[in-house]
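Grab a pencil and open the model in your viewer. Below are a few exercises, each with a worked solution.

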Amino acid sequence: MSNYVFIESRDPFDSPDTSFLAETAASLKKRGNDVVVFLVQNGVLAMRKQARKAHLPQLLESGVTVMADDFSLRERGIQFDECRANVRIAPIEQLVDFLVQENTKAIWH
Amino acid sequence: MAEKKLTIALMDAPYEKASTTTALRIVSAALQKGIHVNVFAYEGAVNLAMKDQAPHANPVKGTTVEQEEHPTTKEFVRSLLEIGKSNPQLTWVNCGLCVDERGAINVVDGVKRGSPADFFKMAGESTNTLVIPTK
């Protein structure tokens, strides 16, 4: 079993391949791995409850841990009460902690 | 417990993508946590440390250089190298061929010249490696 950290920087409405990342993350989780998806930059646009086309419900249902960079949210004026439940807002230091865990594979998208 | 070390490969040129800002934030956060960091700057990323970058005024807003406080990537790199000059240590290597192609010779103090072989070595010695590609 491994740890996987996916860093999603792309806007789900601009980049249809964000669904591929979600499918990959969910599949790895299903195979018994620990999987985190950390949203940064325009990736945090998926956090909004109103973002119906986003892939986050699929990820959350699969048991993948989803986090969003607080700085990216602030830059885009996205408030806490606009965000989906079950997605944690975290500082970049949290991402660093994931990256230096043993047996962790990091994938930037 | 063994010391932690993170290697990051960058490829984007300055002032083009938010990924550069995120990468520099990761470097900063890792150093603040006492984690050693290697950066391998490839392709356009070798320009991040170019010493000739200069802040400018903003004629649209009518602000001076001082009022504008325009950030430069060379200043970010310089300050990160200052933080990571001993323990934890930041090692910043620019790809030599990429430097020559772009004439990016004049860089801030502490930036080294190397090759993808250095990146391979860095990755082998690190707790983890993060590659931030161009889109």
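**Exercise 1.** Is B:E69 buried or exposed?

*Solution.* Start with the cut-offs: a residue is buried if 20 or more other C-beta atoms (placed from the backbone) lie within 10 Å of its own, exposed if 12 or fewer, and partly exposed in between. B:E69 has 9 C-beta neighbours inside 10 Å, so it counts as exposed. Helices here are DSSP runs of H or I with at least four residues, strands are runs of E with at least two, and both are numbered from the N terminus. Finally, check the backbone: phi of B:E69 is positive, about 50 degrees, though the residue is not a glycine.

A word on the ground rules: this is a predicted model, where local features need pLDDT of at least 70, side-chain atom pairs count only at pLDDT 80 or more, and totals for chains, interfaces and linings use all residues. Residues are numbered from 1 along each chain as its sequence is written, while chains are lettered from A and ligands numbered from 1 in the order in which they are written.

**Exercise 2.** Where does B:E43 lie, and how exposed is B:E43?

*Solution.* Look at the loop between strand 2 (36-41) and helix 2 (65-68) of chain B; that's where B:E43 lies. Now count: B:E43 has 18 C-beta neighbours inside 10 Å, so it is partly exposed. B:E43 also has a positive phi of about 50 degrees without being a glycine.

**Exercise 3.** Which residues does the cis peptide bond join?

*Solution.* Find omega of about 5 degrees: this cis bond links B:N87 and B:P88. Then trace the chain around B:P88, which is in the loop between helix 3 (73-83) and strand 3 (90-95) of chain B. For context, most residues other than glycine have a negative phi, and most peptide bonds are trans.

**Exercise 4.** How do helix 1 and helix 3 of chain B pack?

*Solution.* Take the axes, lines fitted to C-alpha atoms over the stretch in contact, with angles running from 0 to 180 degrees between N-to-C directions. For helix 1 and helix 3 of chain B, the angle is about 15 degrees and the axes are 10 Å apart. That makes the two helices roughly parallel (the class for angles under 35 degrees). Last, list who meets whom, with contact meaning backbone-placed C-beta atoms within 7 Å: B:L24 and B:V27 are among the helix 1 residues, and B:F76 and B:L80 among those of helix 3.

Key: Parallel < 35°, antiparallel > 145°, perpendicular 65-115°, else oblique. Contact = placed C-beta atoms within 7 Å.
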